[in-house]
Amino acid sequence: MGRRSATGLGVPACNSLVGVSVGVSGPPTRVFVARLAGLAVFDPLGDQVGRVRDVVAVFRPGQTRARVVGLVVEVPGRRRVFVPMTRVTSMDAGQVITTGLVNMRRFEQRPMETLLLGELLDRTVGLRGKDGEPGEEVTIEDVSIESGRRGEWRLTKLFVRRGRQGRLRRRGETLLVDVEDVEDLGVVNQRQGAANLLAAFDELKAADLAEVIHELTPKRRLEVAAALEDDRLADVLEELPEDDQVEILSQLSGERAADVLEAMQPDDAADLLNDLPNEQAERLLGLMDPDEAEDVRRLRAYEERTAGGLMTSEPVILAPEDSIAEALAHVRRADLSPALAAAVYVTRPPLETPTGRYLGLVHIQRMLREAPHEAVGSVLDKEIEPLSPTTSLEETTRQLATYNLVALPVTDDAGRLVGAVTVDDVLDHLLPEDWREAEEEDLARRRGSVGAP
């Protein structure tokens, strides 16, 4: 039965522990796993195959040193594949070199396997005491693997920190210990944080982090989600499948869930609440800021496959007398998606949806051609007809394609701007729910094994 597929993490959890350049054969060598996170994987010809996401080890009964069997690597298309250690020819702080052959089957973790990054970092374990006395608790911050003379790799040492970890607790002393000095390392521990794991994922985009979280076990997925900051968790939730969204939000406290919903885009928050039982959704809306909740309630009132159900209620809105310089400052905001940053919408006050009378829009390309002091009201595009909240998904798609646009305004019967529909929202509803998996399976069928022989 074939094996799996791959991805890259981010910066290592422990910057003081540097992986050394190694070969698979020869004298014993040591590599700290957090240093492998996110490293590029190359074939012998120098072409990049993907990026390291994790390291797979097998704990056998009666053995303290788990055998490292391979790497989880992310290849194009955010597909996670399995690369056996027998196909890894060298690893160092900057890259991983393989024989070039990569089986494109999606990675599926087997019961005896442990992901060293995903499942060991931040785990609380007990050190063995002397003379039978109870040992102290430590938290794993990194793990090291070593190659033997025959080329096999094993988990040998743990970089740990004394004392339980927490936001209000002082960080204790760190030390490097043998795996034999730790009790029940191969047993799933019910108490596990996520700080070091998230440090390894720190530089990932929200969509890539969502992919990593989706691949974790349900228990670990909730632990990692609970450790994320509200804004980061909101961004990740927007990229997760519906089942994962509901699972995570339902496990958060009511106040925290409300804070995360407020940090999400209103249309994404509305979609998520629509997947919850109505009683639970209303309870969370009651805990949200009244203004934020009102935006979400308004979006929930529209049918799903209509412009009203697709739109965001927070496009860039300006008054006609505002300058182009001000408009450009708004669209440069880092939190705006490219589609929302492509145009500003000009209305009479109030400038929050539902606004005063909608006047027109200004494309970013037009703004770049005009003097910064010019008023946006003087360069309006009035030829783009706004959508109605009841416009169907199919008609919305046709309008975007006809005018080669990435966003369209939506106005109500009174001519007030109530939101904007972006092309990414349309694609989310046009593609099948399993479009990522279907695309990857098709890619695998067409390409088979990739890389140099």
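Trainee: Is Asp122 buried or exposed, and what is its relative accessible area?

Mentor: This is a predicted model, and in it Asp122 sits in the loop between helix H1 (116-120) and strand E10 (124-127). Its phi is near 75°, a positive value in a residue other than glycine. Buried means under 20% relative accessible area. Asp122 is therefore buried, with a relative accessible area of 4%.

Trainee: Which other residue has a positive phi although it is not a glycine, and is that residue buried or exposed?

Mentor: The residue follows helix H14 and is placed in the loop between H14 and E18. The cut-off for an exposed residue is over 50% relative accessible area. At 70% relative accessibility, the residue therefore counts as exposed, and its name is Asn404.

Trainee: Where on helix H14 do its buried residues lie?

Mentor: Helix H14 spans residues 393-402, and its buried residues are Leu393, Thr396, Gln399 and Leu400. Seen down the axis of H14, these residues fall within an arc of 125°, so they line one face of the helix.

Trainee: Why can residues that are separated in sequence point the same way?

Mentor: The reason lies in the turn of the helix. An α-helix has 3.6 residues a turn, so residues three or four places apart point the same way.

Trainee: Which exposed residues does H14 carry on the face turned away from its buried side?

Mentor: The buried side has its cover, which includes helix H11 (307-310), strand E18 (407-411), strand E19 (417-422) and helix H15 (423-430). The face turned away from that buried side carries the exposed residues Ala401 and Thr402.

Trainee: How do the residues of the contact of H14 with H15 divide into nonpolar, polar and charged?

Mentor: The axes of H14 and H15 come within 11 Å and cross at roughly 135°, which makes H14 oblique to H15. The crossing is left-handed. Leu393, Thr396, Thr397 and Leu400 of H14 meet Val423, Val426, His429 and Leu430 of H15. These residues divide into five nonpolar, three polar and no charged.

Trainee: How do the residues of the contact of H4 with H6 divide?

Mentor: Helix H4 (residues 218-227) and helix H6 (residues 242-251) pack with their axes 10 Å apart, at an angle of about 60°; they are therefore oblique to each other. Their crossing is right-handed. From H4 the contact draws on Pro218, Arg221, Leu222 and Ala225, and from H6 on Asp244, Glu247, Ile248 and Gln251. The division is four nonpolar, one polar and three charged.

Trainee: What is the distance in space between Asp243 and Asp275, C-alpha to C-alpha?

Mentor: Asp243 lies in helix H6 and, at 66% relative accessibility, counts as exposed. In sequence, Asp243 and Asp275 are 32 residues apart. In space, C-alpha to C-alpha, they are 8.8 Å apart.

Trainee: Which helices do the buried residues of H9 pack against?

Mentor: In helix H9 (residues 278-287), the buried residues are Gln280, Ala281, Leu284 and Leu285. They cover an arc of only 135° around the axis, which puts them on the same side of H9. The face turned away from this buried side carries the exposed residues Glu279 and Gly286. The buried residues pack against H6, helix H7 (254-263), helix H8 (266-274) and helix H10 (290-300).

Trainee: Which residues does Arg298 touch, not counting residues up to four places away in sequence?

Mentor: Arg298 lies in helix H10. At 18% relative accessibility, Arg298 counts as buried. With residues up to four places away in sequence left out, Arg298 touches Thr353 and Pro354.

Trainee: What is omega for the cis peptide bond that joins Thr353 and Pro354?

Mentor: Pro354 lies in the loop between E16 and E17. Pro350 is placed in the loop between strand E16 (343-347) and strand E17 (358-363), and a cis peptide bond with omega of about 0° joins Pro349 and Pro350. For the bond that joins Thr353 and Pro354, omega is about -10°.

Trainee: What percentage of the residues in the protein is buried?

Mentor: The protein has 16 helices and 19 strands. Among its contacts with a separation of 6 or more, residues 24 or more positions apart account for 62%. Of the 453 residues in the protein, buried residues make up 51%.

Key: Residues are numbered from 1 along each chain as its sequence is written. This is a predicted model: local features need pLDDT of at least 70, side-chain atom pairs count only at pLDDT 80 or more; totals for chains, interfaces and linings use all residues. Side-chain values use heavy atoms; hydrogens and water are left out. Buried means under 20% relative accessible area, exposed over 50%, partly exposed in between (1.4 Å probe, protein chains only). Helices (H or I, at least four residues) and strands (E, at least two) are DSSP runs, numbered from the N terminus. The arc is that of the directions from the helix axis to the C-beta atoms. Contact means heavy atoms within 4.5 Å. Axes are lines fitted to C-alpha atoms, for helices over the stretch in contact, and angles run from 0 to 180 degrees between N-to-C directions. Angles under 35 degrees count as roughly parallel, over 145 as roughly antiparallel, 65 to 115 as roughly perpendicular and the rest as oblique. A crossing is left-handed if the near helix is turned anticlockwise from the far one by less than a right angle, and right-handed if clockwise. Ala, Val, Leu, Ile, Met, Phe, Trp, Tyr, Cys and Pro count as nonpolar, Asp, Glu, Lys and Arg as charged, and the others, Gly among them, as polar.
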